[in-house]
Amino acid sequence: MGRPYLGRAHARGLDVSVLDTSAALGWEETKAALGPGDQVYPVTATDDEGWLAAATTALADAPVAGVLGFSEQHIVAAAMLAEELGLPGPGVRAAVTSRNKLMQREVFGRAGLNQPEYLHARDARTAESFAAGRYPVVLKPLSSMGSLGVRIAADPHELRAWVNEQPGKASFLVEEYLDGPEFSVEALIVDGAPVFESVTAKTTTVAPYRVELAHHVPAGLDTGDRKAISTLLRQVIGALGMRTGVVHFELILCSRGPHIVEIATRTPGDYLMDVIQAATDVDLYDAAVAAACGLPLNLPPGVAGIPPRVASVWFPTPPAGTVSAIEGVERVEKLPGVVKIEIDVAPGDEVHELRSSMDRVGMVVYQAPDRRELDAVLARVRDELRIAVTA
């Protein structure tokens, strides 16, 4: 995930101090991406304390122009360091709030923003009391990423079963289920104001897990819905106190207008940065580096207008089982319109039921001049790519 930022930093003449686990720092792809002036610092524990301890060593070795956190594990530590050094960043309050779903609900509720009704529950009985008459409901751990642990419960039996699966006696959220299409906004914020924003439409699985199967940029929205989503984004940014950085804001567009799902004060996953660049020519990897260092942004002219192309990322979803063969990857790479393909499994690997984004096996980013041709590109990809699985 961090290697694209390395390349953009090098292109701007920056050296990089990389903090990561010892295993990740040993990967051949990571070592090949390092520049001659880069330094690496192993993190022995991936909690906030672990990241901060590694940073202390890095800070003693060289002056710092910017601090960039791009994954859930280290955004709080990165925000703390940026604030300590007087550098641009999301702000500690925004980073901490974004890491906790209950904190978000409380902050946005006090601001009067549109979001689902919810209850902070500590046991199944309390959750069932809230859920009675509301089924289906959404159950969420307070801190997770990639939809990990989130489930839609259709009845009390499913609710109790989910609660019994949770580790220890951790509290959780039980929320009103919002019926409507899902979207996200990827936005670059500088000094508390959006300077670029893009709306992504999602294709997901059905209940109980609602895992993303594809993302599409731009989302096909009418003027009224686009304006309502843009307004809600600004309200959310204001309520958080978000300062500088890329945010990933998820929402559901229901009959009562856009409602908040959650926001992350970091760059998005799921290759959305690549999809946005394929559609709009906006390089959010470079923008994130520049914003963190207080450098000029290289945004192309007319970024607020209609994107020149359309683009998507598709996640192939073979059935659960053991991978027996993978065919067509090289042919897909050569197809017109295909930007990137990555397959993360090999023959002999296990494919699991799709319960979160962590269970996906690969992706294809592709682009076209319009949605009709975009669908045709995906059809050709599906014809060529084969991931065979045996039960």
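Reader: Which helices are included in what covers the buried residues of H5?

Author: Some ground rules come with this predicted model: local features need pLDDT of at least 70, side-chain atom pairs count only at pLDDT 80 or more, and totals for chains, interfaces and linings use all residues. Residues are numbered from 1 along each chain as its sequence is written, and side-chain values use heavy atoms, with hydrogens and water left out. Helices (H or I, at least four residues) and strands (E, at least two) are DSSP runs, numbered from the N terminus. The cover over the buried residues of H5 includes helix H4 (48-61) and helix H6 (92-98).

Reader: Which residues of H5 are buried?

Author: Buried means under 20% relative accessible area, exposed over 50%, partly exposed in between (1.4 Å probe, protein chains only). Helix H5 spans residues 75-85. Its buried residues are Ile75, Val76, Ala77, Ala78, Ala79, Leu81 and Ala82.

Reader: At what angle do H8 and H9 pack?

Author: Axes are lines fitted to C-alpha atoms, for helices over the stretch in contact (heavy atoms within 4.5 Å). Angles run from 0 to 180 degrees between N-to-C directions. The axes of H8 (residues 124-131) and H9 (residues 156-165) lie 10 Å apart, and the packing angle is about 150°.

Reader: Which residues of H9 make the contact with H8?

Author: H8 contributes Ala124, Ala127, Glu128 and Ala131. From H9 come Pro156, Leu159, Arg160 and Val163.

Reader: What is the strand order in the open sheet of three strands?

Author: Two strands pair if DSSP finds at least two bridges between them. Five bridges join S13 (residues 321-327) to S17. The pairing is antiparallel, and the order is S15-S13-S17.
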